[in-house]
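Here is a colleague's note to read beside the coordinates. The points go from the whole chain to single residues.

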Amino acid sequence: MSTKPENAQPSSVQRPSAKTPSSNPAGKRFASGFDFSSTGQRPKNEPVEAPTPPGLEYTPVPETEGRPLLLPNNLFHKFSESPSPEIRRRAAFMRQNAWCPHPDHQQTRVVSETEAPKKTGTKPPAHVDFDCPDCGIPVACCEEHWAEDYEKHLEVCDTLREINEDDHDLRSGRFFPEFEYPGDQIEEVLVNMTNWDTLLYTREFRAINDERSLRQATRLLTYPATIGSVLHELSPYDLSKNGRLTPEGLKSLSALRYTLHPARTGSSGEVKGIKPAPPPARIFILGARAESSLPREVWVQLTHLFPRVAFHLIFIGPESMANRENEFPLPERTPGNPFGAVVEDRLTNTLKISTFVEYYHTLHKAGQFYPYDPYFDCFMLFHPGLGHPASAHEWEETLPLLLETKVPILATGYTQFDMERDIDWVHKTMGGEVDMLLKPGENRFRSLRWDINDLDPQDISCGNWGVWGFRGKRYAFINKTKSRITANCLQIRNRDQGQLNTSVLCRNMYYIRMHGALYCIMNKRKLLTRQPSGDFPLYL
Ligand SMILES: [Zn+2]
Ligand SMILES: [Zn+2]
C-alpha cells in the first residue's frame, strides 16, 4: 500500500519555512482561511485525520512496506514475537544480556555500598528466557521462576505493558499528529509552566487527548522543556516555602533571565532603527547522546519560549553524533574549525546548533569557548551518570573546570536513585566548592513515557525524571559599594524596567544608566567607571 499522498498541489504553493515573513501576499492564503507558512496560528478544530495539508507534502512519510500497520487495539505483542524486526532484535539482546532476578540465582549485579546486601542463592546466574504473558517482556529464566517471583514483578508489570504498547505504537506507521509543533508564541500570550497540560495548551499545541500520544510527545519535548522551565522567568521553581530554588539559584537565574527576557529595544528594519543585538545565549549540552539527534523542530521549541533572544546550542561529548550517521564524515579539522565541529547555522533566525565529538575538558583547556559569562551561558547535563561506576571517571576531569566557570549547571537523572548517586558523587569529589541552585526533585517536565533498560528489564526509568542545579561556589564581594550596585541593577530591572537603560558592548561588558549616572559594569559584578551625567551612548 502506498501511503505517499498525491501531490496534487501546484508547485507554486508555499512550503512552510521556519521564518517566512508575515508579508505573504494575501493571494497565497488558502481558501480554508489558514496559512501554514505563517506563525503557527492554525485553527484548533482541524480534524486529526485531515489529508496532508498543502505545503506539508515534503514531510517524510513513515516507511510502512513489509510492516503490518498496528492498530490501537492491536498494540500488545510479546517482544520475542513482535511484528517489528527491531523489537525482536531487542528481545534477543535481552535474552543474551539480562539476568533472571529470582533470588535462587547467585548475585549478578555489583552491589553498591548503600544498598543492603540481598540474600543470594546457589544456582548459577541465568539469562532471561521467559516472556511474561501480561507485559510481553522477557523477565525470568523460566516460567517457574517468573511465577515464584510474580509478586515482585507485579510492581512493574503494568508499566512494562505500557512500554510494550508504546514501543509498538511508535512503529505502527500511524500518522503522528503529536509530532507536529506550533510556531512562534504570540507575545501577548504568556506560557504557563505549571505542568505539561498547561504548557502545551498555552503554547497552542494541537490538543492531545490521548494519553499514549501525550507520552510519545513528551518523550521528545522533555529536553527543551526541562531547560526552558528552569531558565524562564515564569519558571515553576521558586523561592517559596516549598519551592526548590535556593537564594544562590535565584542569583544565577536572575542573571540569565536578564539576558533571556530583554526589554524591547525599539529596533526596526530601518537604518534609523538598527540597534545592537546581544550575542546569543549559549547552552552547552555536555555528554550529549540521544538529545543531539532530536528532530530540530523539537529544539526550536526552546527558542519559542524566549522570543526575543537567539540561542546557540552546543552539543559536546564523544557520543554526540550517535544516531546521526547520515551526517558523517565529520568536517575536516582546519585552523578555522580546529575540532571539526558540525555547525548547523540558521536553523531559524534565532537558533544555531554546533556539535563537537570531543570531551568537554579538551575544548575547555584549548580555550574554545572562552570567555564564559554567567549572564549568557548555561551548562546542561542530561542524565550524565556523574556517579555511575561506568562513567564517573570520564567526568572527573570535567567537573572542576565546569565549577571554575561559575556558570549554572543543570542536570537530570533517569530515576531518583540515578540522580541522588550523581549528587553524592559531586559532593564527594568537589566537597565545599559547590553551591546548590535548584534542590533535587521530580522534574515537572519529565518524559511521561517510561523506558526499559535492555540489560535489566525490571529496571524502568524515564527521560529527565529528576532535575537539579548547581555551580561553582561564589565568594562574598570584598567591596560593599560594588555589591550594592550589582544588587541595585537587578532590583531596578525587576521593579521598573522602564528606569533602566542598558547597552551590551561586548560579551561581558555593559553600560547602565541609573539615578542619572552612567555605570560601566563588567560581568555585572565589577564597577569600572562612573560618569556623573551625560547621554546614554550607543557605541563607545
Ligand atoms: Zn531464574
Ligand atoms: Zn509482566
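Predicted model: local features only at pLDDT ≥ 70, side-chain atom pairs only at ≥ 80, totals over all residues.

Helices here are DSSP runs of type H or I with at least four residues, and they are numbered from the N terminus. By that rule, Arg215 sits in helix 5.

1. The mean pLDDT of the protein chain is 78. A score of at least 70 is reached by 72% of the residues. Two stretches need caution. Over residues 1–66, pLDDT stays under 50. The model has 52 contacts beyond four places in sequence for that stretch. Residues 476–508 also stay under 50, and the model has 45 such contacts for them.

2. Overall make-up. The protein chain holds twelve helices and 16 strands. Of its 540 residues, 32% are buried. Take the contacts in the chain with a separation of 6 or more: 67% of them join residues 24 or more positions apart.

3. Helix 3 against helix 5. How do the axes of helix 3 and helix 5 cross? Helix 3 spans residues 150–170 and helix 5 spans residues 211–231. Their axes come within 11 Å and cross at roughly 75°. Angles of 65 to 115 degrees count as roughly perpendicular. The two helices are therefore roughly perpendicular to each other. On the helix 3 side, the residues that meet helix 5 are Asp166, Asp169 and Leu170. Their counterparts in helix 5 are Arg212, Arg215 and Gln216. By class, this contact has four charged residues, one polar and one nonpolar.

4. Arg215. Is Arg215 buried or exposed? The cut-off for buried is 20 or more other C-beta atoms within 10 Å. Arg215 has 21 C-beta neighbours inside that distance, so Arg215 counts as buried. Setting aside residues up to four places away in sequence, Arg215 touches Asp166, Leu448 and Arg449. Asp166 belongs to helix 3. Trp450 is 235 residues from Arg215 along the chain, yet their C-alpha atoms are separated by 8.4 Å.

5. Glu248. This residue is in helix 6, residues 247–260. Glu248 has 19 other C-beta atoms within 10 Å and is partly exposed. Beyond its neighbours within four places in sequence, Glu248 is in contact with Asp435, Met436 and Leu437. Leu438 lies 190 residues away in sequence, and its C-alpha is 8.8 Å from that of Glu248.

6. Glu358. Where is Glu358 placed? Glu358 is in the loop between strand 6 (351–356) and helix 8. With 17 C-beta neighbours inside 10 Å, Glu358 counts as partly exposed. Its contacts, leaving aside neighbours within four places in sequence, are with Ile316, Phe339 and Leu363. Glu319 is 39 residues away along the chain, with a C-alpha separation of 8.4 Å from Glu358.

7. Helix 10. Which residues of helix 10 are buried? In this helix, residues 398–405, they are Thr398, Leu399, Leu402 and Thr405. These residues cover an arc of only 120° around the axis, so they lie on the same side of helix 10. The elements covering them include helix 8 (360–365), helix 9 (392–396) and helix 11 (416–430). Strands contribute as well, among them strand 7 (377–381), strand 8 (409–413) and strand 12 (466–472).

8. Positive phi. Most residues other than glycine have a negative phi, and most peptide bonds are trans. Please check two residues by eye. Lys406 follows helix 10, in the loop between helix 10 and strand 8. Its phi is positive, near 60°. Lys406 is partly exposed, with 19 other C-beta atoms within 10 Å. Asn323 is not a glycine, but has a positive phi of about 65°. Asn323 is in the loop between strand 4 and strand 5. With 12 other C-beta atoms within 10 Å, Asn323 is exposed.

9. Cis peptide bonds. Phe328 and Pro329 are joined by a cis peptide bond, with omega about -5°. Pro329 is found in the loop between strand 4 (311–316) and strand 5 (342–348). Tyr370 and Pro371 are also joined by a cis peptide bond, with omega about -5°. Pro371 lies in the loop between helix 8 and strand 7.

Methods. Residues numbered from 1 in each chain as written. Chains lettered and ligands numbered in written order. Axes fitted to C-alpha atoms, helices over the stretch in contact; angles between N-to-C directions. Parallel < 35°, antiparallel > 145°, perpendicular 65-115°, else oblique. Contact = placed C-beta atoms within 7 Å. Nonpolar A, V, L, I, M, F, W, Y, C, P; charged D, E, K, R; others polar. Arc of directions from axis to C-beta. pLDDT = per-residue confidence, 0-100.
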